Amino acid sequence: MAYQALYRVWRPQRFADIVGQETITQTLRNALDAHQTSHAYLFTGPRGTGKTSAAKILAKAINCPNLKAGEPCNHCESCRAITAGTLNDVIEIDAASNNGVDEIRDIRDKAKYAPTSAPYKVYIIDEVHMLSTGAFNALLKTLEEPPSHVVFILATTEPHKVPLTIISRTQRFDFQRISAQAIYSRMADILKQKEMTFEEPALKAIAKAAEGGMRDALSILDQVLSFSDNHVTLKNALQVTGSTTQQLLGDYMQAVHTQTTTKALKLLQQVLAAGKDMGRFIEDLIEYSRDLLLYQQAPQMVEQIELGTVDGQFKQLSQDFTAPALYWMIDILSDSQKQLRFTNHPDIYLEVATVKLCQPQKQQSAAVPNVTKQLTQLKEEITQLKQQLSQLQTQGIKQPIKATAKPKTRRKETQHANVAAIFPVLDQATKASLDQLKSVWTELLQQLPPQQRALMHASKPVAASPEGVVVSFDSDFLLGRASSNQAMVDALENGLDRLIGTAPKIIFVPQEEWPQVRQSYIEQHRRGTQKTTEAKTKSKTAPVISQAKSLFGSDYVEVKDD
Amino acid sequence: MEKKGKMIMEVSALKKALKNNSPQSVYLVQGQEAYLIDQIKEQFRQLLAPEEATMNFGDYDLASVPLATALNDAMSAPFFGERRLVFIQHPLFLTSAAKQTNVVHDVAGLIKYLQQPVPTTTLVIFAAYDKLDERKKVTKLLKKKAVLIDARPLTEQKAQHYVANYLKQKNINIQPEALQLLVQRTEANLTLMMGELTKLILYAKKQREITVTAVKSLVTQNLEQNIFTLVDAVMARDVARAVSLYRQLILQKEEPLKLNAILVGQFRLLLQVKILQRNGYSQGDLARVLHAHPYRVKLALGQAKRFSQKALRQAYLGLVDLEYQLKTSQRDAELLFQLFILKFSQNAA
């Protein structure tokens with residue numbers, strides 16, 4: 001017998017064999033069991049997820065006299081005939097090539113006649129989205145009032161191309177992509193039954209390349225098997241899928257990171273020598289970089305995609321590279337990818353790209369406005385921080401001296417007024433903002449749940465700017481409770497956002513301390529802006545005196561202060 | 001119990017009325033809820049014994065059959081039975097819409113018939129339109145003479161209630177979250193819900209309980225809802241979920257540009273809702289001003305509440321930029337989307 005492809009030999013013959021669609025097969029089996037099958041089904045889903053297999057099994061099960069728990073027996077005459085495709089009453093049509101009105105009319109006319117050898121006539125229409133509009137309309141008429149002995153099973157990969165009127169007449173099942181894990185176990189199962197051995201990573205690589213399609217996975221496996229003696233190796237698998245090993249990609253990225261251009265170029269030569277497709281290599285590199293980015297934010301996901309084969313090197317690299325650097329690398333790689341299409345010398349572009357990647361980040365900054373922008377942003381932030389720090393220092397040192405000793409000790413044991421946060425608010429505080437806040441304050445509190453409202457009951461806004469609001473509390477205890485209640489602060493800020501359109505930062509301050517904080521702010525403010533005026537007032541008197549002294553000698557000058 | 005005129009009868013009332021009393025001669029079914037219409041049809045068909053059905057039943061689609069034919073049938077006496085049942089579908093002449101077919105309808109004949117209906121005939125007119133033209137003489141007369149039956153779409157609550165009751169009768173439990181999800185995925189459309197229920201009930205045949213997982217894998221999400229969950233994932237900065245949802249959509253062979261356009265549209269709606277709501281617009285106002293479906297606005301309101309305007313703005317601008325890149329660079333759409341979501345979640349983190 002001629003060789004049959006794996007995916008044909010191992011096409012599921014029972015619902016239980018369909019991998020990854022348990023809910024759907026269970027529903028179908030229950031329907032068969034209860035004799036409540038619909039007269040029209042629509043199976044949708046990406047390729048290789050089991051649509052056609054399910055349709056065939058359903059056709060068998062409906063016609064099988066020995067139905068057991070919704071599964072066909074696969075031994076009776078009709079089951080065998082359907083599997084072989086010889087039963088006259090199960091008609092498979094590929095809509096891709098029979099998409100005209102005439103073909104569908106033909107179905108419609110023949111559907112009227114009773115089945116000849118099985119209880120039901122089953123029409124399986126594959127790729128149903130390819131039908132023409134006229135054909136759809138013809139089909140619709142049949143679906144609206146089907147003869148009782150006919151079942152339609154429509155299968156498609158693109159449900160959005162099927163008219164809604166058709167969809168609403170059918171029972172629709174969406175087949176999900178099969179998880180890499182499920183594909184892996186199915187392949188392992190098949191190999192075991194064929195008494196072949198395999199390397200685990202090899203199957204994982206195939207499962208990954210199949211992207212959720214069982215048929216794809218089995219086709220790749222088929223190819224791999226064709227040049228290996230009953231043993232599936234990673235090397236063969238990668239050769240078929242054309243991808244580079246994670247190991248090599250990892251080494252390459254490592255070299256890029258350490259900026260050892262020679263090593264990176266050598267690795268590149270290795271890839272070239274192995275005859276890999278350059279486009280594929282760049283794609284792999286982009287994917288690898290993306291995975292690194294993904295891993296920084298969603299490690300579980302990468303582990304799921306890679307079937308738990310995340311190695312130490314990958315983890316290390318994801319920590320070594322900063323996100324902007326990775327974005328930049330992806331930019332360079334995609335540019336080279338674009339250029340590859342227009343050249344006969346892909347290796348040159350790749351080498352140039354490699355050299356570029358290996359250059360130190362500083363030189364890259366010219367090419368990447370993003371990085372420079374972030375750098376300047378950071379610098380600005382640092383200067384701002386420094387300013388605030390110096391402010392705090394002058395503030396922090398002088399203020400306690402002026403203040404009485406009592407509040408100083410008290411502050412230590414109770415709540416601090418967060419001076420650093422308050423001052424920037426006061427810098428921009430306006431009467432208008434405060435008025436606006438006061439007007440919505442009660443409404444805002446009404447929106448809180450009762451418990452939080454009770455907390456905030458003894459509070460009032462005392463100063464406000466567009467960016468922040470200072471809220472004073474009567475009681476230190478409540479203040480402590482309030483400021484540690486992050487959920488409530490969030491609720492307040494969200495509430496404000498709803499009411500006045502901005503979400504100012506909310507800062508709490510004890511009421512007793514407020515006058516003092518304000519005072520010190522005013523003083524500091526004065527010191528800041530009035531340093532010059534102070535100097536001026538001094539200089540008003542001082543220059544006169546000093547000049548007089550220089551003219552007449554200090555002995556003769558008597559300063560009378562009145 | 002059944003009054004002519006302004007009273008509109010619901011399906012359940014019709015059921016009772018048809019069981020207890022003999023049917024009236026003219027009924028007008030108003031509304032487009034396909035499931036209810038099917039139920040009503042079923043109720044009327046039960047008036048006829050099965051052996052009569054072929055002789056004394058007529059179903060006329062006025063899109064292709066002239067009204068006169070239907071009236072002719074209505075005026076003839078029943079054959080070997082007590083009554084004749086005549087359905088009339090697509091009575092476009094009751095609305096103000098322009099004629100679509102060149103079938104000539106004898107409207108005057110209908111007026112004449114309405115004034116003197118044949119007592120042995122039950123005439124049921126299915127007007128699956130939003131609004132009838134009340135100025136037309138025939139509409140006025142029909143509304144006066146016929147028993148009105150309500151087949152208008154149910155409100156969200158009512159539909160949900162209907163489903164819950166239906167399940168109770170079938171003695172099947174449904175988890176509250178599962179019901180919620182079902183309503184969400186079918187957009188509270190009764191016809192869709194009842195269709196999906198058949199599958200769910202079959203699945204839950206043994207356990208007698210419909211779970212969230214069952215709803216998730218059996219009830220289809222349409223593209224908008226898929227996008228809706230995608231929006232949710234984007235805004236929640238759930239990179240993993242967003243990326244896998246996007247891939248799923250691409251695998252369904254959705255156009256990336258189309259996906260992006262819908263995403264942009266959704267974020268624009270969220271922003272609009274957010275801003276307008278602050279200016280005191282209620283849900284109804286919003287739906288009217290934005291020309292959006294009320295249920296969509298309701299969902300958008302719920303969603304918008306959870307996010308700050310700044311974050312929405314950022315996402316919106318990011319998506320607009322993504323669109324620009326999709327159209328100018330030759331990069332893979334999926335990669336671009338991944339980069340977008342990664343950047344977005346990083347910036348805001």
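**Ground rules**

I noted that this is a predicted model, where local features need pLDDT of at least 70, side-chain atom pairs count only at pLDDT 80 or more, and totals for chains, interfaces and linings use all residues. Residues are numbered from 1 along each chain as its sequence is written, chains are lettered from A and ligands numbered from 1 in the order in which they are written, and side-chain values use heavy atoms, with hydrogens and water left out.

**Back to that pair**

I checked where the two ends sit. B:Asp232 is in helix H11 (residues 223-235) of chain B, while B:Arg306 is in the loop between helix H15 (294-305) and helix H16 (309-328) of chain B, so the pair ties together parts that are 74 residues apart in sequence. Helices here are DSSP runs (H or I, at least four residues), as are strands (E, at least two), and both are numbered from the N terminus. B:Arg306 counts as exposed, at 54% relative accessibility. My cut-offs: buried is under 20% relative accessible area, exposed is over 50%, and partly exposed is in between (1.4 Å probe, protein chains only).

I found 22 salt bridges in the structure over all chains. Side chains of opposite charge can pair when their charged atoms come close.

B:Arg288 and B:Asp285 make one of them, at 3.8 Å from N to O. They are three residues apart in helix H14 (residues 283-290) of chain B, so about one helical turn separates them. B:Arg288 is exposed at 58%, and B:Asp285 is partly exposed at 26%.

In chain A I looked at A:Lys161 and A:Glu158, whose closest N and O atoms are 2.7 Å apart in a salt bridge. Is A:Glu158 buried or exposed? It is buried, at 9% relative accessibility, whereas A:Lys161 is partly exposed at 47%. I also noted a network of salt bridges that links A:Lys141, A:Glu144 and A:Arg169.

**Where the chains meet**

How much area do chain A and chain B bury between them? I got about 3700 Å², 56% of it on carbon and sulfur atoms. Buried area means the accessible area (1.4 Å probe) that two parts lose on being put together, summed over both. On the chain A side, A:Gln297, A:Tyr327 and A:Arg498 lose the most area to chain B, together 15% of what that side buries.

The contact (heavy atoms within 4.5 Å) takes 41 residues from chain A and 36 residues from chain B. I looked for salt bridges across this interface and the rule finds zero. It does find eight residue pairs in polar contact, both at pLDDT 80 or more. A polar contact is a pair of N or O atoms within 3.5 Å; within protein, one must be able to donate a hydrogen and the other to accept it, and residues adjacent in sequence count only if both atoms are side-chain atoms.

Several elements of chain A give two or more residues to the side that touches chain B, among them helix H14 (278-297), helix H17 (323-340) and strand S5 (171-174). The largest share, seven residues, comes from H2(A).

**Chain totals**

- Chain A has 27 helices and 10 strands, and 44% of its 562 residues count as buried.
- Chain B has 17 helices and eight strands, and 50% of its 349 residues count as buried.

I stopped at B:Asp73, which lies in helix H4 (residues 67-75) of chain B. B:Asp73 is buried, at 12% relative accessible area. Leaving aside its neighbours within four places in sequence, B:Asp73 is in contact with B:Gly58, B:Tyr60, B:Arg84 and B:Val86.

Then I read along helix H8 (residues 176-186) of chain B, where the buried residues include B:Leu179, B:Leu182 and B:Val183. B:Glu187 follows H8(B), and its phi is positive, near 55 degrees.

**Last look**

I ended with A:Phe552, which lies in helix H27 (residues 514-552) of chain A and is exposed at 54%.

Note on methods:
A salt bridge is a side-chain nitrogen of Lys or Arg within 4 Å of a carboxyl oxygen of Asp or Glu.
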